[in-house]
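Please look at the sequence and the structure together before reading on. The paragraphs below are meant to be followed with both in view.

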2 protein chains.
Amino acid sequence: MTRILYSLCGADESRPFSPHCWKVVQALAHKGLDFIEKPTPFTEIPSLEGGFSKTVPILRDGNELIRDSFEIALYLEETYPDRPTLFGGPAGKALARFVEGFSQMVVHTAITKIAVKNIHDMLGETDQVYFRTSREARLGRTLEEMEASRQAEIDGFAPKLEPIRHALKYHDFIGGDGPLFVDYILFGALQWMRVTAGAKVFSDNDPVGLWFERCLDLHNGVGRSVTAA
Amino acid sequence: MTRILYSLCGADESRPFSPHCWKVVQALAHKGLDFIEKPTPFTEIPSLEGGFSKTVPILRDGNELIRDSFEIALYLEETYPDRPTLFGGPAGKALARFVEGFSQMVVHTAITKIAVKNIHDMLGETDQVYFRTSREARLGRTLEEMEASRQAEIDGFAPKLEPIRHALKYHDFIGGDGPLFVDYILFGALQWMRVTAGAKVFSDNDPVGLWFERCLDLHNGVGRSVTAA
């Protein structure tokens, strides 16, 4: 059986950067499942698997096709119940949605403001046209205008992660003594920034930065295998 | 065995308002445990139970004394394991710290800016002096200066709760199909605002407002038994 993860890349295939795809890379590694990753440019995603999804990640697992990082994690938990749990039961599963909400509404919003021009610059020519048009419409500003406030966003980033910092007073990972999918949700966001923008957002002893380093080391350092920008 | 919850009140004992004490009221009700609530003014707390704690909640459970809302919830979970769970297992327990972090750093910060003058006005004379002095020092502004930006804080409140709104797309409570301590953590914050400031912060169909109404109905409406300001 061949397991394929379609993820996202720019001009350089060896530097996949999508936060949602990184969540799935870590989730597959957590479950100990082999897979082939196929990084794909933005504008080629709609052609994958007969037009199955407009976005990645897409996971092909034998005859199954699944889209959306959270859906994929739920699928893996249900399909491989004897492997290490990604959620730790129903309460952990429900609360993962709260963490997803925080990640998308707070962390992704901030990272977009820091990294959007860097992401653009990593893309191939066709993707650059698509990306600039769609992102400038969504953000209501040009990429260059976003770039102008980049340093202020970097400076204001760490305080926004205070809820993570609070949780890390009590255990090494957000999910407890070991990582769960909630850790990969927030890891994915920071890995996205690391690979695209390489911005230094944490002071050396920030517990969130130290937790992120622990996440980079997980599963034979799969996160660290792609270097920072 | 007498179980006593020491909570916080202003001049009117029948209107306890502390967010942390409301978490414990709901947690005790969730476990089906009877208790006597003893609402106490700020400046009388240090004399309770021989100077056991500078803050409430304090729970006396027979010969046991426990302080701090989260510690009390952990104690109840461990001491009454056959009653309905407050955490749903280790992952739920770990993630409750993340929710606590979000509640304290995001929700409490915003509510303080809305309600601080209202809280002052509810207090007895001795407490008012203590409260004004300590809060003005902590906030770096006079209570009247806080009051001036109150409406802007009310208008900006609902968007800050987007992670809760996201979680509620998937289930009726933050903890899943039924409430867990994480629901009471966030309920406590909103109940604090309801009892002290009575501010209307949600549009009629806001899922967070509807969830809060569901929480007010829980456990024979113990939350609703104290009217809004």
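What follows goes from the relation of the two chains to their interface, and then to local features.

This is a predicted model, in which local features need pLDDT of at least 70 and side-chain atom pairs count only at pLDDT 80 or more, while totals for chains, interfaces and linings use all residues. Residues are numbered from 1 along each chain as its sequence is written, chains are lettered from A and ligands numbered from 1 in the order in which they are written, and side-chain values use heavy atoms, with hydrogens and water left out.

Two copies of a chain are related by a rotation about an axis and a shift along it. Here, chain B is superposed on chain A by a rotation of 180° with 0.0 Å of shift along its axis, at an RMSD of 0.0 Å, where the superposition is by least squares on the C-alpha atoms of residues with pLDDT of at least 70 in both copies. That is the relation of a two-fold axis. Among the residues of chain B, the one that comes closest to the rotation axis is G92(B), with its C-alpha at 2.5 Å. Both copies use the same surface, since 100% of the contact residues of chain B recur in chain A, contact meaning heavy atoms within 4.5 Å.

The contact between the chains takes 27 residues from chain B and 27 residues from chain A. The size of an interface is often given as the accessible area lost when the parts come together. Between chain B and chain A the buried area (the accessible area, with a 1.4 Å probe, that two parts lose on being put together, summed over both) is about 2300 Å², and carbon and sulfur atoms give 79% of it. On the side of chain B, the residues that lose the most area to chain A are L95(B), R97(B) and F98(B), which together account for 30% of what that side buries.

Which kinds of pairs cross this interface? The rule for a salt bridge (a side-chain nitrogen of Lys or Arg within 4 Å of a carboxyl oxygen of Asp or Glu) finds zero of them between chain B and chain A, whereas four residue pairs, both residues at pLDDT 80 or more, are in polar contact. A polar contact is a pair of N or O atoms within 3.5 Å; within protein, one must be able to donate a hydrogen and the other to accept it, and residues adjacent in sequence count only if both atoms are side-chain atoms. The helices α3 (90-122), α8 (162-167) and α9 (181-196) of chain B each supply at least two residues of the side that touches chain A, and the largest share, twelve residues, comes from α3(B). Helices (H or I, at least four residues) and strands (E, at least two) are DSSP runs, numbered from the N terminus.

Turning to local features, the peptide bond from V56(A) to P57(A) is cis, with omega near 5°, and P57(A) lies in the loop between β2 (36-40) and β3 (58-61) of chain A. That loop between β2 and β3 of chain A also holds E49(A), whose phi is near 50°, a positive value in a residue other than glycine. In chain B, the peptide bond from V56(B) to P57(B) is likewise cis, with omega near 5°.
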